[in-house]
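Colleague: I have a new model open and would like to learn how its pieces pack. Could we go through it together?

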Amino acid sequence: MSGGARLPRVAEALERGRAAGLHSAAVACVDRGAAGGLLEVAVGEAPPGAAMSGDRPMLWMSMSKPITAMAIALLWQRGEVDLEAPVARYVPTFAQRDKGSITVLHLLTHTAGLRASPFNYPQDDWDTIIAKVSAQRVEPGWVVGEDAGYHVHGAWFILGEIVRRVSDVTLPAFLRRELLEPLGMTRSWVGMSEQAFDAEGDRVCPVYDTSGESPVQQPFTQREWLTGVRPGGNGVGPVSELTAFYRAMLDTLLGRRISPWSAETVARFVGRERRDTHDKTFKHVMDWGLGVMVNSSHHGAESVPYGFGLGASDEAFGHGGYQSSIVFADPPRDLVVAVVCNGFPGDAAHHRRMAEVLQAVERDLATLDKASGDMAPSAELSA
């Protein structure tokens with residue numbers, strides 16, 4: 001374990017999860033902004049025999065989605081993408097099979113009715129995937145723009161294709177040039193280059209299905225998975241750099257810094273766009289921003305999937321990663337939290353694990369606030 005002195009309860013919670021076989025390695029980052037900067041703790045081994053460290057790249061899974069969404073945000077800010085426009089304006093083949101009315105906004109809010117993934121990644125190349133998603137039908141009975149259900153993969157390839165066609169560069173190239181490198185995220189990728197994989201691939205933390213009697217390593221960190229492009233799922237980098245992405249959004253929103261986006265753009269994308277809708281994938285009433293999750297604890301703080309914990313404010317925004325992780329920014333509290341584990345223990349076990357870790361975050365924050373003489377609202381949750 002490293003870095004747990006100032007986040008002892010978080011370290012203990014992650015260690016308990018490791019001892020229970022839920023994961024073999026995990027990293028948590030807590031960025032307190034002006035109140036205390038970045039705190040980080042790493043536990044376990046990745047791979048076996050190598051102590052986990054905060055600088056080791058980890059797979060972000062669906063936490064990659066807001067990265068792609070904020071690329072669309074930048075193009076919208078520049079007037080190059082209209083959120084209300086039909087997707088077919090940018091990808092004409094998408095209009096097949098009566099999909100001409102589906103807008104960019106529908107893709108970002110998971111209301112397009114395209115939850116099926118009619119392709120085989122990474123065997124299918126980018127153009128084949130775009131062709132297959134463009135040729136699929138909307139789910140039977142789905143009312144586009146009204147019905148909601150988390151879209152895991154296909155819609156995000158189409159969003160990536162919009163970025164490619166509008167900018168005339170690939171999504172990975174656009175992200176590196178316009179967002180990741182300007183934000184100092186030099187060791188983060190959504191679609192690693194072959195050269196980057198040669199340099200960093202053996203340092204990426206492996207991931208495991210831990211839902212059975214023994215862990216089973218998954219292929220998601222292999223070369224073909226990481227050097228392909230999966231806009232909603234194969235982001236990779238140190239957890240501190242993912243935290244930095246949200247710190248940039250938060251500081252921009254609060255008027256503290258110049259970033260690729262304006263404050264108005266960030267506010268548009270992290271605001272509550274979708275309200276009080278039953279999500280057919282998560283089977284829970286949830287709100288949503290544009291490509292980002294927004295705090296939906298008012299729909300059931302103990303039951304909402306991939307929640308931000310009992311201490312998060314109503315304005316918190318972020319995203320979860322498949323049975324493994326969460327990242328969110330909380331504007332009123334000037335706080336960013338990211339927790340990434342390398343084990344997929346099943347939905348119920350992950351929900352319990354993350355609830356415990358996030359409660360530990362609140363208690364450690366309360367201790368830090370008490371020590372500094374600044375009794376923040378989080379202190380009340382530790383009683």
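Modeller: Let's begin with a crossing: α1 passes α11 in a right-handed way, where helices are DSSP runs (H or I, at least four residues) numbered from the N terminus, and right-handed means that the near helix is turned clockwise from the far one by less than a right angle, left-handed anticlockwise. Keep in mind that this is a predicted model, where local features need pLDDT of at least 70 and side-chain atom pairs count only at pLDDT 80 or more, while totals for chains, interfaces and linings use all residues. Residues are numbered from 1 along each chain as its sequence is written, and side-chain values use heavy atoms, leaving out hydrogens and water.

Colleague: Are α1 and α11 roughly parallel or antiparallel to each other?

Modeller: Helix α1 (residues 8-19) and helix α11 (residues 347-372) pack at an angle of about 160°, with axes 7 Å apart; axes are lines fitted to C-alpha atoms over the stretch in contact, and angles run from 0 to 180 degrees between N-to-C directions. Angles under 35 degrees count as roughly parallel, over 145 as roughly antiparallel, 65 to 115 as roughly perpendicular and the rest as oblique. The two helices are therefore roughly antiparallel.

Colleague: And how do α9 and α10 lie to each other?

Modeller: Helix α9 (residues 239-253) meets helix α10 (residues 263-270) at about 115°, with axes 8 Å apart. The crossing of α9 past α10 is left-handed. By their angle, α9 and α10 are therefore roughly perpendicular.

Colleague: Which residues of α10 does α9 meet?

Modeller: Contact means heavy atoms within 4.5 Å. From α9, the partners are M249, T252 and L253. On the α10 side they are A263, V266, A267 and V270.

Colleague: Is I102 buried or exposed?

Modeller: I102 sits in the loop between α2 and α3 (104-108). Its contacts beyond four places in sequence include F94, L114 and V138. Buried means under 20% relative accessible area, exposed over 50% and partly exposed in between (1.4 Å probe, protein chains only). With a relative accessible area of 0%, I102 is buried.

Colleague: Which residues touch the most other members of the largest nonpolar core?

Modeller: A nonpolar core is a set of buried Ala, Val, Leu, Ile, Met, Phe, Trp, Tyr and Cys residues joined through side-chain atoms within 4.5 Å. The largest one has 87 residues, and its largest share, 8 residues, comes from helix α2 (residues 65-77). The members touching the most others are I72, V104 and W261.
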